[in-house]
Structures are given as structure tokens and as C-alpha cells.
Amino acid sequence: MTALTVTGVAKRFGTTAALVAVDLHVPDGSVTAVLGPSGCGKTTLLRLVAGFGDPDGGTIDFGPERVFGPGRSLPAQRRRVGYVPQEGALFPHVDVAANIGFGLPRAERRSARRAGELLELVGLDAGLAHRFPHQLSGGQQQRVALARALAPRPSLVLLDEPFSSLDAALRLGTARAVVDALRAGGTTALLVTHDQNEALSLADQVAVMSAGRIAQVGAPQDVYAAPANPTVAAFVGAAAFVPAVVTACTAACDLGELTVPPGSPQGEARLLVRPEQIRLLPPADGDPDHDGTTDHDGTADHDRTTDHDGVGGRVVEVRYFGHDATVELRLDRSGLAVTARVSGDSLPRPGARVRLSVAGPVTAFPPG
Amino acid sequence: MGSIGRAFVVLATAACLVGLTACGSGNDGTTLTLYNAQHQDLMRTMVDAFTKQTGIKVELRRGGDPELANQIVQEGDNSPADVFVTENSPAMTLVDRAGGFRHLDQATLDQVPDQYVPGTGNWVGFAARSTVFIHNRGKVTKDELPASIMDLAGPEWKGKVGVAAAGADFQAIVSAVLAVKGEDATATWLAGLKRNAKIYANNIAAMRAVNAGEVPAAVIYHYYWYQDQAESGEDSRNVDLHFFGHRDPGAFVSVSGAGVLAASDHPTEAQRLVNFLTSEAGQKTLVDSGALEYAVSAKVPTNPALTPLAKLDPPAIDVSTLNGPKVVELMQEADLL
Amino acid sequence: MRRAGSRPGYPRPLLLACVLVALLAAVPLFFVIGYTISTGWTEARRLLIRPRVGELLVNTTELVIGGMAASAVLGTAAAWLVERTDLPGRRVWHVLLAAPLALPAFVVSYGWVSLTSAVEGYRGALLIVTLAYYPLVYLPVGATLRGLDPALEESARSLGLGPWRTFARVVLPQLRPAVLGGSLLVGLHLLAEFGALQMLRFPTFTTAIYDQYLSSFNSPAANMLAVVLVLYCGVLVVTELGLRGRHRYARLGSGASRTAQPARLGWFAAPALAGLGAVVVLALGVPLVNLVRWLVVGASTAFPAADLATATATAAGLGLAGALCAVLLALPVAWLAVRHPGRIGMLIERSTFTANALPGIVVALALVTVSLEIVPAVYQTTTLLIVAYAIMFLPRATVAVRNAIAQAPPVLDDVAHSLGIRPVQAWRRVTLPLIAPGVGAGAILVFLAVVTELTATLLLSPTGTETLATEFWSNVRDVDYGAAAPYAGLMVLLSAPATFLLTRSARRGS
């Protein structure tokens, strides 16, 4: 297995720039997810790595070997990459065993052993070997596609939105099985996806792409907790951006005074607040609970109590998901809308008045 | 992908080359190409006799008189034809006027009576056929028979006469009308026919229609009736013949011609073929063939079943003056074509 | 965005091949345009503005409109009875109703004319062309009916509509594209029809062009009529292209997983059976019985086994060569259209469809002149004849090959390459097996068309080359029905298995 290094790769289609100087390093044996919205260039990047097209500039290295660079372009069939396209793209005219053996030398193709091994590796029953692709479920097709890609022992496996066509129930299990199979073989893998849950939960490293550039590369937790910019922040998870004024490590905003990490931009700023950081507090004494009295809020009063008792707000809508729920709130002070993620028991009702606070440090960005 | 594109180009080129090499033009020294506007069976029989005598093979390309004549003219020097044989003389004249023929060997010309040879000596008649008015015995009485072919344009014949307007035979008959009566009279006559006539694909179809009573009468050549009588009579049982005679344009005797093309690559063999067609042996083959056309050679007696040519009293028309293209133009103007 | 399907830019050799094919396909059209210009207005006026042309226009229009309408009604009604009712013996009926596709129109016409001359003229012509061509409506409408979601009809029934009103208000509107598309195809066939109409003594533009050709070979008169015919066809083709564009949107999914509850015919079953029986008897029974009768008659007089064998071999050989050539020409065009979608691909694909508006007689006239004046080496050669077939039948080959190539998405090539397979090997192991059935179907379509092609063959075949169709025709012209029968029989025998295969695969494919 081998590392992948992409340096300064650019690609235009006509007048559209699909990739603008992309740099990416995928360490040996790791699973890296390229995450981005439709049209950000992530599939183009993957196709260039596979050799299905040539970049306009830059270099691509597999470990020590340069597969693309000035004066050199190794054709796809000699790059030894495994490729798992969307919806699997199994060869419809041959059975599962022949699909898996497709890239193997003729002698090895004949023996059923390798196909059996690979079926086992991707968690499928060996009895499927002689089924045809149309007789398999979507998840099974996807696993066979991986088995086919792994069969010639590639140095790198590329997966292009491999799970997007599966329904939710299948997606999780299939994705898990595929990544387990990749890890079991210590395979270097590049997974392209627009699903942040998939990227964060499956990958060792996440590269967020936007408008033909890599916006941020890092471990899933880092990308989520410390996004490089608001775009990345919004793409990797739900986010509220709250105007604030930062002084040293304290930011004053409608949600009260929040902590920001050292080195944050000073003065006017936008704070990134994730729904799970917003806590609903038990109703304070004396506050009318359910009567929905009209506003008579004394601003000074609230300010004073912020640190201890949170800020006041009204529940707009509650969405219940079983394992948890989200509560949409409107802040009393400014009317700002924020969403809180809370556990599924003891939910407030729409219209109820609540108090809320923010847990943990938040990220501050310069004002947009 | 580029390599697949290249593969397409290679395959397509290969297919074209295979096609080109597979298309032998047929002229490999001993095979003559005969553009045949005559009946295929008759010419097959005659050229088979020729091949038997000389060992020279002949391929037939079939078509109609004006079609093949115009084709030869348009082909010009590129024409693959060696010999042209027609049913009627206007087509021969058309090619002759375009300079498409080679002068025939004197021996050939000497075999044929003068009235079947044009002044140019570039082609000869080798068979003749007479125009005839046929009618359904039950539909047209003796008194109603027209005296002249010109009468068929009159109102009493509305819907009662069949012609094969697109056929060369009928167009030759029109050319005789043109030669005898002049352009204006012909145009008037054609306009009358347009009103009166039912159009058939060819003479056989017209005769069949007369026999079945679909149309009371038609103008055709004589041998269609004689051939059918000789075979089963199935299509002519109810059909009687009426020869116009009296030098009426309707008594026109049409001459089937044969000539050697200027563009021929095998003029010697081609001259031999035309010589054979007009020779005693060739003419005898014609008479014996069951085609029931008239032979032109004085040495070969007419088939006894036929009314002798001398009794038909045809109009005197120079075979080389019949004007095919003018006839087509007049018929187009009359909306018969 | 995602460029999985298309590669940027066009591979040069492929583009070059496509442009060459498009130019070849457009030769007859260029010729017609060029000829019109060179003929000049005065001469064109003399030849076109005259009562004969008016008469042809009326005849042709009457026949086209009547034939399209009658085929639409007959084809749709038959398809509905077979696909959506509890009619007894539906499978058998399907085969019987599709079978006339194996009978060329001139053979149907022959079967009738040799029985009675009562079918001559407009009414007879209308009857016979309808019997010969209604399967062109029946088959697509049947396929659409099979693919319709029965839930729609069930909803209509639950809203209180009876079977007839359900058909009229729910089913019929969805059939519109299939009915119109099929009818337009009938119209194009009628415009190009020669043999059947010549036998029925019903002159249209095509038969008149042939008559002109007989009278004066390749003359302005013939070519001016051809211009009118091309314009006429052009109107139909443009309409058809427009409809096909919308047709795609009208299609729903790949077909229903459930079959609809068949409508109960009740007392109507008897007249329905009688009606279908009448269609089968008239379209299949009369021509075939009469054909067999003439076979017996013909065999008693003469049975030229050698000529029959030669003509069969020639027809089959030309059919194979024509099919191969048309498919080879269609491959780059279809490949470009599917794999490199864009304006150039569409333009080239469309340009090959111009042949749809060019009846065989027009293509043949054009090639006669072009070959005589530009490439005399191919004049009167098999090559030229095959080129004519390829041009004429390129549209049907392109449609079939295009659908076939769409069965092999480019992502499969990518996967194969990523598995270390070289492009040529990938083409052999992936693309070829996937597109082969569709390409084969296209080849069969062209083969069928070539075997029964008459007009272009009459004009272009090399001296001494006789096909089943030309031998048949020359005997029919001489009203020698007995001698024509074996050739007609062989044409039917050659087309029947291929037609059967096609209708069966059409049924399974749905």
C-alpha cells in the first residue's frame, strides 16, 4: 500500500475551473474522505487521480512513484488503483465471481478462491458468487464493487460517492462493512462524498472541498470543532452564526458572554455555535412557565443574570427524532433564531418560555 | 477513447475496400454487357444462341427503352454497355442523335431490308411489332370499332380505353401520331386521351383488364394477345383484335433496334452480336422463340399464326425520325406523365 | 458538474469519422438542393405548376392521411384489446397481429391484386397499405400499454370511471406519443411506397417519379417531383422529431412491476374477436393463401430453382453487407451522441436522420448522377448499391446502436481501466458484449429492409444482379403472378424469423 500526494493540481473544463491548485496528502493506509457540495470538484479530483483524465498542471504521486507530472502521465490501467463508482457499476453481463475476477490475470480468474476470499472480506456470502448483478440488492452490489476493486491488490482505492444511492437503512451497514474491509487490508483509500456524517464517521482524515479548492484538511474532530472558515463550518454540521464582540478570550453576544480560544480575532466577530452546545436550563423561579405573557423584559435584568441563569427565549418548534430532538428558539433580546439539540426526554412545548446557555468554547470568525 | 475512434475509421475504410474489390464490373474480356429494353425472355433466348455459336458471354441489364437510352446518353464515355437493344426505335434515335453509336459493319446492314435501317447506318431493326386495338367482345360491337386511333380522343370513348402511358410502347405509338399528324393535332389528341383513358402499368395489365371487362378496349402491341393465345388464353379469352390499317397512325409498325455503343470496350464482339441478331440464324431463333414478334429478315418466313406484315398497311414512317423526348414533353403537358 | 459521462473535447478520429458519415448521409439531400438550383425557376415552374402535380399531391395526401388515421385506429384498438382486456388467446393474437410486419407491402398488395382487381384505386390502396403498415402503430402502442402504471387506471376506476371512460380519459392521453410516432412512421413509409401502389394503379409522387425515370432516365421532371416529395417527407420528419423530443418526458419509469387488471369485455368479446379475426384474415390470410395458390400454379409451369437460389443468395448477401455497412457507419455517430453529448454530437446524429425524408427513389436518383459525374468507378457496382442501402437505412441502424451504446455506460470502461485492463481489451470484454445485442438488432432491422428493398435496387443494381425483390417485381410487371410467387415466398421466409426475433425481444425488453 502506498500514500497519495497531490500537489498543485488544476483542471479546467472550457471556461469553468473545476480544480484550482489542489494540494492533498493521503497517508499510507489511511482512509481520507473528500467532502464537499455538488460541483465543488471532488469527483474531478478523484478521476484525475485514477487517470481517467489529465490535470492541466500539478503533480500526482503514489508513494515514491510519480504517476502524473510534467511530461509524464501513467495511463489508468497501469496506475493500479481500485475504483468504486457510484451505484457500483458492476458489469451487467457477467456474474459476481467474474466481476470480482475481472481485473485478475487469466489463470487467477479461473480459480474461485480469490473471489471467495474477497466476498468474505467484504462480508458477503460465498453463495452469491454465481448471481448476476441484477439479482443483488443495492448494498450487496456496492460490496461486490469494492471486492472487484480490491481483487488485483491495488495500491490505492478510490470510492466515488459509493453509498449515496443506497437507502438510509442500508447505507450505514454497507459503509461500515466497506471501511472495515479497507482497514483490514491496510488499504489507502480516498472516499468522495457530500454526506458529512459519512465523512466524519468513516474517515481518518477529512478534506473539505469548496469551489475547486481544498478548504481544510484534518482529523474529523478538528474539522468539526475548529473549522477553518464559516463555509467549512456550515458544511460539516449544523451551525448558527451569532454576531459578537470579542475581547481577549471572551465574546459578548445575544447568548451571553462566551469563551473563545486564545488567538481568536478581536473586536467585531461572528461566533459559530453548534446546536449541541446550546443547553436548555430548568425554568427559573418566578418566571411564568406556560402562560405566554407578552414581553415585559427588562434588558438590564437579563444582562445581569446571564452568567448564572442563561438568556431568555421562546420555543418556536420542536422536532423529535427518538434518540434526540431539536428545539428551535427565538431569543427574547434580539429575536435571533437558534437551534438546540437536546435529549429526547422532557421536551418543552412550542410557545414555552425557556432559558438557555452555551457549553464549552466557541469558534470566532471575522465578521462577514 | 481515441483508439476506439481510430478503430472505427480503420473498420469503415476496410469495409469500403472490401466493397470496392467485391464489385467486379463484369467486363473481363469475353463478357458483353447488353442494355436490354426488349423482353428479357426473348433476349435471353437470342443471346444464349449467340453464346452457343461464338462462346462470347452476354450479361443483360434490363430497363425500359427511354430509361436505358437516356441512361446511355448520360453515361457517355463511361457507359459500361456494349450493345443496346430496344423494343421501339425512338430510343435508338435518341442515342444515335447523341452520337452514342458506332457505325455498324456493312455485312450487318446488308442483312436487313432498307425500311428497318436508319440513314446513319448506326443501328438496325431486328424485330417488328404492330399496334393493335383490342376490345372485349361483349363490350364493344363491330359497329362501334374506331376507324382511326385518333377517334379515341372523342367523348364517346370516355373511360372506355386503356393505355400504358408510362411504357415505351405506347410512347412509340404517340411518336407515330406525332410523325403523321404533327404537333398540334397530337397535343389535342393527347388531351382527349387524358380525359378518356384508364392508365395501366403495361400492355399485359391493360389486356388483362380488357379481358376481365374492367375497361372495354385498349391500345397495345399485337404479340401480347398472340402470346397469351398460344399459352392458355386465360388473359385474352374475351379479347378481339382490330388492326386500324389504311396507313392510320394506329397501324404503326414499330421497329425494335440493336446497335453497338461508341463507348463499348469490345466493339468486335459487339458487332458480332448485332450481326447475329439480324442473321438468318438469329432471326430464326426469334421466330421460334414464341415471342411472336415479326422477324425483319427477308429470308426467314413469318410465324404462320400472325397476320403477315404486308397486310397491315402501316403508315410510311422513317424509323429514324421518331422523336421520343418530344413525345415525353407533350405527354407531360397533357398530364399523362 | 460531475463529468462522469462525458469527456471534455472530442477525440479527433472519432469526430472525423462522424463528419464523413454525416456528409455521406447528406449526399442525396445536397444533390436534390443542387439540382433544384441548377434547374432554374422557369423549368422548375413548367414541371411543377401543372395539373398532374396537383393530382399527385391530392392522391399522396389522401393516401398518407387516410393510411395514418386508419393505422392509428386499427393499431391502437388491437393493442388495447391484446394488452388490456380479458380477450381469449391474447398471446396468439399478439403474434398474429405483429406478423404482417414480415410481409412487405408489395407482397400484401400482390396477394390482393392477383385475386381481384377490385382493390385498384384509392379505397383498395388505403385498405392494403393499412393492412401492411398498421403493425408500426400496434407494436409501440402495445409496448407503451405494457409499461403504463396500472395504478393510474385503478385510480380512475376508483373515481367511478367505467372501462371505456378510463381508456378515453386516462390511457389514451398517455398513448398519444406512441400513436402519433407510429402513425408518422406509417406516413413516411407511405410516401416512399412504390411497388404496392404501382400494382394498385394508384399514382403518388414516388410512383410518378419512377414513371418519369422510365420515360427519360434521370431527368429534371423526375428530380423536380423528388423535390416535392422530399419537402413532403421533411414536414413529417420534423413533426416526428419534435414529438420524439417530448416523448422522452412523457415516458414513465421503465415499466410497471404489476400488470393491470384486464378490462372485462363481456358481451363485446365476440365482436372484438371477430374484428381481430377479420384483420388477421385480411392482412395475413388473404395474401398468404393467395401466395400459396400462386406457388402451386407457378410450380406447375416453371420452377427456376437456379434463378431462385441466385436471387436469394444475392438478396441475403446484399442484406448482410448493407446491414454491416449501416451499422459500421452508425457506430461512430451513435458513440459520439451517447458518449460526448453536446451540440456537435446532436447535429451529426440529426443529420444522419435526413435519410428518413429521402425515399429510396430519391436516394437512388441522386447516387446515379453523383456516381456518373463524380466517381464513375463505382457506377453500377455493388459498392454503390450498398452505400445507397447504408444511407437509406442509417437512421434505423443509428437508433438501435445508440440505444445499445447507452447500455454500456462509460463508467464501466473506467472501472475496467482501473482494474488494469487496456482500452482495446476493455472494449472487447466490456463494451462489445454489452452493445452486441442492440447492434445485432439494428443489423437485423437493416437486413430486413434491404431484402425487401425495390426502388433503389431497380435503379442502382449492377448489370446482371437480380434480387428477390427485383425478380418478383419483373414478374409482377408482366402479370406473371405464378412466376412471382416463389420470390415473394422466399422474401417472406427470409424476413419472418428476423421479424419474430425482433417482436419477441421488444416484448421481453419491456
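**Exercise 1. Classify R201(C) by accessibility and find its salt-bridge partner.**

Solution. Next, the partner: R201(C) meets E120(C) in a salt bridge at 3.0 Å, N to O, where the term asks for a side-chain nitrogen of Lys or Arg within 4 Å of a carboxyl oxygen of Asp or Glu. E120(C) lies in the loop between α5 (105-113) and α6 (122-133) of chain C and R201(C) in the loop between α10 (195-199) and α11, so the pair ties together parts 81 residues apart in sequence. Helices here are DSSP runs (H or I, at least four residues), and strands are E runs of at least two, numbered from the N terminus. Finally, E120(C) is also partly exposed, at 21%.

A word on the model: it is predicted, so local features need pLDDT of at least 70 and side-chain atom pairs pLDDT 80 or more, while totals for chains, interfaces and linings use all residues. Residues are numbered from 1 along each chain as written, chains are lettered from A in the order written, and side-chain values use heavy atoms without hydrogens or water.

**Exercise 2. Describe how chain C meets chain B.**

Solution. First, count contacts (heavy atoms within 4.5 Å): 56 residues of chain C touch 45 of chain B. Then look for charge pairs: there are 4 salt bridges between these chains, including E466(C) with R62(B), whose closest N and O atoms are 3.0 Å apart. Last, helix α11 (residues 205-216) gives the most to chain C's side, with 6 residues.

Technical notes: Buried means under 20% relative accessible area, exposed over 50%, partly exposed in between (1.4 Å probe, protein chains only).
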